[in-house]
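Subject: Structure handover

Hello,

Here is the structure for you to look through. My notes on what was found in it follow below.

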Amino acid sequence: MRVLILSHFNIIRGPIEVMKIPEDFIFYDLKSIPKHLNLVQKDFFIYDDETFKTANLVFRVPSKMNRTEYEELMISVIIINEQISPKIFQSILNSLKEELTNIKNLCELLYNSSKESATKLLEIKEVLLKYHQEINDIEGLNLKVNLTHSFPWGTHICYFYQKEEDLMDILLAYIKAGLENNEFCVWVTSEDLNDEEAKKKLKSEIKNYNEFLKKGQIEIFPYTEWYLKDGEFNFQRVLDGWVQKYNYAISHGFNGVRVTGHTAWVEKKYWRDFSEYEEEINNIVGNYRMIVLCTYCIEKCSINEILDVIKTHQIATIRKEGFNLLKIFSR
């Protein structure tokens with residue numbers, strides 16, 4: 001359940017609800033304006049309660065009411081019993097803020113009960129309804145890899161494994177789930193598990209695999225055609241490439257993009273640049289309907305390299321001796 005609230009900060013009474021969508025929302029553990037949403041928090045922030053989470057954006061609009069130079073407003077997305085993707089919600093709330101601030105004399109409706117204010121409230125309601133629909137279109141994704149967690153769009157995951165069968169176990173389930181969910185899937189392979197082996201395995205394990213292939217729903221290619229194109233690693237080119245893949249997917253009717261990239265090709269000379277790339281790709285993934293799974297052979301990584309990888313991902317999964325150990329990191 002997602003609720004969108006626009007509130008106004010009154011000097012004396014604190015945050016006051018201006019409009020809530022859906023209007024008939026009732027949740028007894030959550031008052032109309034949660035007590036934590038106050039002026040202590042600035043700009044965009046996430047609040048994580050045991051039962052609900054909120055993504056909040058505080059912003060100012062010029063005031064003409066002769067009481068102050070500006071009014072402070074806040075947009076809050078209340079999410080009940082679901083995961084939250086900070087980057088994608090921040091992007092949506094910033095777009096919503098831009099539309100609200102373009103409404104002429106927005107602050108007047110906070111004090112007047114005139115017909116003009118009523119008309120302006122309807123204008124605001126239309127804007128909120130549009131973004132409420134966009135927020136409700138953000139779906140949680142289940143990796144279906146023997147993990148109990150569902151991850152939302154915008155999630156960047158790293159997976160450490162020991163044996164090749166552990167790698168295939170997670171990747172087959174990951175790709176299969178994406179194909180079944182009408183997502184555009186991209187698998188960038190490495191020498192440890194090349195593209196021909198990946199295609200052969202998928203064809204044998206996934207029913208109707210050839211139909212997915214004919215639809216153009218899946219692409220599998222080696223790292224030399226993506227990360228090391230022309231023999232060099234240029235992470236800006238790779239980042240731009242993911243945006244192009246996303247635009248292709250959406251324009252062809254797919255629900256989003258599901259990516260996995262194997263990292264066995266990353267030599268010491270590329271490690272620093274690749275770490276920067278892993279950090280930067282969060283800005284891409286978080287703003288689109290994308291989910292990315294990066295796979296690392298734990299026996300080929302030093303302790304410092306493992307820590308580097310964990311720092312640049314929201315979620316780290318380590319499979320050792322047949323067990324999945326899941327650690328969620330907030331970014």
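The axes of helix H6 (residues 235-251) and helix H7 (residues 268-285) come within 10 Å and cross at roughly 30°. Axes here are lines fitted to C-alpha atoms, for helices over the stretch in contact, with angles running from 0 to 180 degrees between N-to-C directions. Helices (H or I, at least four residues) and strands (E, at least two) are DSSP runs, numbered from the N terminus.

Please note that this is a predicted model, in which local features need pLDDT of at least 70 and side-chain atom pairs count only at pLDDT 80 or more, while totals for chains, interfaces and linings use all residues. Residues are numbered from 1 along each chain as its sequence is written, and side-chain values use heavy atoms, with hydrogens and water left out.

Helix packing

H6 and H7 are therefore roughly parallel to each other (angles under 35 degrees count as roughly parallel, over 145 as roughly antiparallel, 65 to 115 as roughly perpendicular and the rest as oblique). On the H6 side the contact (heavy atoms within 4.5 Å) is made by Phe235, Val238, Leu239, Trp242 and Val243. H7 contributes Asp273, Glu276, Tyr277, Glu280, Ile281 and Ile284.

H7 also packs with helix H8 (residues 303-311), at an angle of about 20° and with the axes 9 Å apart. That makes H7 roughly parallel to H8. Lys268, Trp271, Ser275 and Glu279 of H7 meet Glu305, Asp308, Val309 and Lys311 of H8 in this contact.

Salt bridges

The count comes to nine salt bridges, each being a side-chain nitrogen of Lys or Arg within 4 Å of a carboxyl oxygen of Asp or Glu.

- Glutamate 183 pairs with arginine 258, with the closest N and O atoms 2.7 Å apart. Glutamate 183 is in the loop between H3 and strand E9 (184-189) and arginine 258 in strand E11 (residues 257-262), so the pair ties together parts 75 residues apart in sequence. Glutamate 183 counts as buried at 1%, and arginine 258 as buried at 0%.
- Lysine 176 pairs with glutamate 180 at 2.6 Å between the closest N and O atoms. Both lie in helix H3 (residues 164-180), four residues apart. Lysine 176 is partly exposed at 32%, as is glutamate 180 at 46%.
- Lysine 311 and aspartate 308, both in H8, meet at 3.9 Å, N to O. Lysine 311 counts as exposed at 58%, aspartate 308 as partly exposed at 27%.

Regards

Definitions and conventions. Buried means under 20% relative accessible area, exposed over 50%, partly exposed in between (1.4 Å probe, protein chains only).
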